[in-house]
Amino acid sequence: MFKTEQQMSLMFEKFLKANFGNAYLKECQGLFGVPDFVFYDKQKQAVSIISFELKLKNWKKAAKQAFRYKSFSNISYVVLCSKSANVALNNIALFEKYNIGLAKFDTDSDFEILYKPELSTPYSDNLNQKLVQTISSSRKKSKNIETLVR
């Protein structure tokens, strides 16, 4: 079990880099909220954006934040420690209704997707384009994005 969200974030960043590449931003400012991680995949003319909100306990707050991130993201995930994820799983209908991903992550760097959302169009074209412009010159590479998308 993680002692702090900072500890969880550091381990999740290592996991993200090892499994999905280094195409991400950490605590991206200036959007509708501050997601813990924004992962992106650039393919020719298209950019897919996946936001992650990490929480140790408060899955309801995380779900609200993740919903806000859909304003600029194609997919948004709530990532919880195993114990909290089990409580959130009892409310999986909320994640399905709002198309928010749910995953659990623990100190062994075990990552399990409990609900995989569908790729969708961000609610705000302006915020999405602001983020796309931020990452457009990046040469960072992503991999295994299909793991995160239904």
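This is a predicted model: local features need pLDDT of at least 70, side-chain atom pairs count only at pLDDT 80 or more; totals for chains, interfaces and linings use all residues.

Reader: Okay, how many helices and strands does the chain have?
Author: There are five helices and six strands. Reading from the N terminus, they come in the order α-β-β-β-α-β-α-α-β-β-α.

Reader: And what is the radius of gyration of the chain?
Author: For the chain it is 14 Å. A compact globule with 150 residues would be near 15 Å, so the value agrees with that. If you'd like a box around it, the C-alpha atoms fill roughly 40 × 30 × 25 Å along the principal axes.

Reader: What share of the residues is buried?
Author: Buried residues are 47% of the 150 in the chain.

Reader: What about contacts between residues that are apart in sequence?
Author: Take the contacts between residues at least 6 apart in sequence: 64% of them join residues at least 24 apart.

Reader: Switching topic: how many aromatic pairs are there?
Author: A search of the whole structure turns up 16. One of them is Phe15 with Phe105: the ring centres are 5.5 Å apart and the planes sit at 55°, so this pair is tilted.

Reader: Why tilted?
Author: Because an angle over 60 degrees would count as edge-to-face and one under 30 as stacked, and the planes of Phe15 and Phe105 are at 55°.

Reader: Got it. Which parts of the chain does that pair tie together?
Author: Phe15 belongs to helix H1, residues 5-20, while Phe105 belongs to strand S5, residues 101-105. The pair therefore links parts 90 residues apart in sequence.

Reader: Are those two buried or exposed?
Author: Phe15 and Phe105 are both buried. Another pair to look at is Phe20 with Phe39, which is edge-to-face, with 6.0 Å from centre to centre and 70° between the planes.

Reader: And where do Phe20 and Phe39 lie?
Author: Phe20 is in helix H1 and Phe39 is in strand S2, residues 37-43, so their pair ties together parts 19 residues apart in sequence. Phe20 has a relative accessible area of 4%, so it is buried. Phe39 counts as buried too, because its relative accessibility is 0%.

Reader: Which residues do ring pairs link into a cluster?
Author: Here's the list: Phe2, Phe12, Phe15, Phe20, Tyr24, Phe37, Phe39, Phe52, Tyr77, Phe105 and Phe111.

Reader: Now the surface. Which residues make the nonpolar patch?
Author: Phe67, Leu94, Tyr98 and Tyr123 make a nonpolar surface patch of about 360 Å². Leu94 sits in helix H4, residues 92-97. With 31% relative accessibility, Leu94 counts as partly exposed.

Reader: What's up with the phi of Asn99?
Author: Phi of Asn99 is near 55°, which is a positive value in a residue other than glycine. You'll find Asn99 in the loop between H4 and S5. At 15% relative accessibility, Asn99 counts as buried, because the cut-off for buried is under 20%.

Reader: Last one: where is Ser84, and what does it touch?
Author: Ser84 is in helix H3, residues 82-89, and is buried at 9% relative accessible area. Leaving aside residues up to four places away in sequence, Ser84 touches Leu56 and Lys57. From Ser84 to Asn58 is 26 residues in sequence, but 7.6 Å in space from C-alpha to C-alpha.

Technical notes: Residues are numbered from 1 along each chain as its sequence is written. Side-chain values use heavy atoms; hydrogens and water are left out. Rings of Phe, Tyr and Trp (its six-membered ring) pair if their centres lie within 6.5 Å; planes under 30 degrees apart count as stacked, over 60 as edge-to-face and the rest as tilted. Helices (H or I, at least four residues) and strands (E, at least two) are DSSP runs, numbered from the N terminus. Buried means under 20% relative accessible area, exposed over 50%, partly exposed in between (1.4 Å probe, protein chains only). Patches are made of residues with over 30% relative accessible area and no salt bridge: like charges are joined within 9 Å, nonpolar side chains (Val, Leu, Ile, Met, Phe, Trp, Tyr) within 5 Å. Accessible areas come from the Shrake-Rupley method with a 1.4 Å probe; for residues, only the protein chains shown count as cover. A salt bridge is a side-chain nitrogen of Lys or Arg within 4 Å of a carboxyl oxygen of Asp or Glu. The radius of gyration is taken over C-alpha atoms; the globule rule is 2.2 Å times the number of residues to the power 0.38. Contact means heavy atoms within 4.5 Å.
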